[in-house]
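Good morning, and thank you for joining this meeting. I shall walk through one model, beginning with a term that the rest of the talk requires.

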Amino acid sequence: MRKNKYRVIKGRGVYPGIVEGEAIVTTESISFLGGVNQKTGEIIEFNHPLKGENIAGKIFMFYSGRGSVGSTSTIYYLKLIRKNPSALVMVIPDPPVVFGAILAEIPTIVDVSVEDLKSIKNHSHVRINGESGEIFVYED
Amino acid sequence: MYLTKEEERILNGEQGPLLQKAMEIMVRFGDAMRAERLVPIVYAHVSLTSTNIRGEHEFLKSFITEDVKVKVPTTCQTLSIDRERWTELGISEDVVKMAMNIVEIFRRLGIRLTFTCTPYYLIEDLVKLGDHIASCESSAVTFFNSVIGARTNRESGQSGLISALIGRTPEYGYHLTENRKGTVLVKVEAKLVDDADFSSLGFQVGKIVGPAVPVFDGIKNPIIDQLKILANSLALMGGISLYHVVGVTPEAKTLKDAFQGDVPEDKITITNEDIERTYKELTTGSGEVRTVVIGCPHLSLDELKRYATLLEGKKVKEGLKVWFFTSAGIFEIAKRMGIIDKIEATGARVYRDTCPLLMDGLKKKPEMIATNAVKQSYYGQSFIPGTGFYFGRTDKVIKAAFTGRWE
């Protein structure tokens with residue numbers, strides 16, 4: 001059980017669903033196709049600050065998508081093999097990432113401010129509401 | 001998002017559950033991208049044809065559960081096989097089986113089975129200035145936006161197919177006039193003498209400006225195939241979906257038009273040294289050439305004709321693979337005109353529907369590949385471990401076909 005102490009950050013919900021769990025957080029962008037292992041969900045992008053972390057089953061918070069439209073396929077495939085992030089939170093909605101999230105029915109929030117994203121520590125415990133766009137950050 | 005009566009009917013399931021699902025996805029996506037409405041499209045170009053990108057074939061199989069047809073004329077992207085000559089390309093039977101399964105799904109959807117990254121060579125004047133379309137394949141996106149002046153975002157295979165099925169796409173990004181404004185002025189001082197120079201130009205500009213809308217000033221009388229090559233390398237290195245060439249492309253009659261009356265956010269200059277640098281940066285081989293690749297993006301009829309003339313009467317070096325790539329549509333016409341026979345009489349081969357970057361066979365053993373196409377050299381280096389690349393001007397690449405040496 002977590003303490004009740006939390007703060008709320010607001011974004012814009014684009015795919016509904018309530019998810020609670022561990023957040024993997026970066027203010028960098030990510031390329032899903034080539035940057036995330038398609039079989040495991042591990043971040044493998046060269047020189048990425050989160051290289052080696054795994055986003056499967058985690059609430060993945062990042063700046064935006066980068067590079068190929070293949071992100072859609074990667075997110076869709078990760079969902080098929082149940083290695084998908086449980087929710088996505090980003091600052092700039094990258095179309096192929098957002099499209100992939102909608103296809104894969106992953107609760108997603110966009111338009112979070114960079115300052116808010118920066119304020120969330122990696123591995124924090126959070127709850128997100130993909131309908132209202134609210135992010136509850138629990139502070140220990 | 002505002003929906004028309006017909007769109008609401010599709011959303012309510014009046015055209016079946018598959019289109020209902022397709023419309024639901026598009027409406028959610030449009031809302032996410034802050035589109036105010038869907039716009040009808042006149043054409044779509046769809047990928048999902050590769051056998052080696054996970055999530056493409058799986059999507060096709062699980063999404064297309066009923067007998068539906070695309071609502072607008074739709075072409076499709078390059079396959080992983082040449083249907084008639086796959087054995088000589090070292091492609092396995094498993095890949096052929098999977099590819100033929102994709103062909104069958106596309107045939108049933110009523111998609112034109114073009115299997116090419118240059119569909120615009122095959123659709124005549126179907127797409128015109130100002131038309132809304134939905135295109136996959138980054139180089140085709142940039143070509144349609146820039147050279148034709150049609151309007152498309154960079155679609156993924158999945159979003160492209162769903163747009164084709166409902167005949168609409170959300171109105172955001174490059175569908176809106178204000179986003180088509182030039183942002184960076186590129187002064188071209190370099191002398192562009194060869195097709196490969198357009199590859200180099202796009203490579204350097206893409207690297208410097210990133211996903212901007214570059215406006216080129218100083219490119220004189222380019223031919224359409226060169227604008228295609230420029231589109232390809234800009235998309236590759238900069239994620240660029242739209243560029244203008246002053247006095248050449250339709251939305252840039254003048255410099256002022258290209259910037260929609262505004263001032264550029266930035267200015268850069270490209271010199272001969274910048275062009276030369278690309279040839280050095282993308283050459284990793286050391287002397288010996290075993291394969292020559294020409295036709296990235298897929299060749300036009302005019303390009304094939306020019307290569308036939310360059311090769312005429314000569315013989316490629318024994319044991320050397322000299323590969324040209326085009327679409328089946330262009331191949332068929334070129335064959336009738338005697339162009340294919342002229343090229344193949346030299347020992348070179350012309351392949352249809354496919355691309356070395358999609359062929360599994362090529363990845364099995366390292367090669368020494370010479371090419372005048374920047375994307376082959378750039379991607380090939382990460383896709384084909386141990387392979388050496390030579391990137392150079394056309395005359396040098398053709399010479400390598402006869403000598404087996406890069407010099």
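Two residues are in contact if their C-beta atoms, placed from the backbone, lie within 7 Å. This is a predicted model, in which local features need pLDDT of at least 70 and side-chain atom pairs count only at pLDDT 80 or more, while totals for chains, interfaces and linings use all residues. Residues are numbered from 1 along each chain as its sequence is written, and chains are lettered from A and ligands numbered from 1 in the order in which they are written.

Let me turn to chain A. Chain A has four helices and eight strands; helices (H or I, at least four residues) and strands (E, at least two) are DSSP runs, numbered from the N terminus. Along the sequence, the elements of chain A come in the order β-β-β-α-β-α-β-α-β-α-β-β. The radius of gyration of chain A, taken over C-alpha atoms, is 14 Å, close to the 14 Å that the globule rule gives for 140 residues, so chain A is as compact as a globular protein of that length. That rule is 2.2 Å times the number of residues to the power 0.38. The C-alpha trace of chain A spans about 40 × 30 × 25 Å along its principal axes. Of contacts in chain A between residues at least 6 apart in sequence, 73% join residues at least 24 apart.

How much of chain A counts as buried? The figure is 48% of its 140 residues. A residue is buried if 20 or more other C-beta atoms lie within 10 Å of its own, exposed if 12 or fewer, and partly exposed in between.

We come to the nonpolar core, a set of buried Ala, Val, Leu, Ile, Met, Phe, Trp, Tyr and Cys residues joined through C-beta atoms within 7 Å. The largest one has 163 residues, and those with the most contacts inside it are A:M61, A:V89, B:V292 and B:F324. Helix α8 of chain B, residues 224–238, gives the most to this core, with eight residues. Leaving out residues up to four places away in sequence, A:V89 touches A:G11, A:I59, A:M61, A:I109, A:V112, A:I128 and A:I135. In soluble globular proteins, nonpolar side chains tend to be buried together.

Next, the two chains together. In chain B, 20 residues are in contact with 20 residues of chain A. On the chain B side, the elements giving two or more residues are α2 (17–32), α3 (57–63) and α6 (157–166), and α2(B) gives the most, with five residues.

In the loop between α5 (138–148) and α6 of chain B lies B:A150. B:A150 counts as buried because it has 25 C-beta neighbours inside 10 Å. Its C-alpha atom is separated by 4.8 Å from that of B:D131, 19 residues apart along the chain.

Finally, the domains of chain B, whose bounds come from an automatic or database domain assignment, are domain 1 (5–177), domain 2 (181–279) and domain 3 (283–403). In chain B, 22 residues of domain 1 are in contact with 18 residues of domain 3, and 28 Å separate the centres of these two domains, taken over C-alpha atoms.
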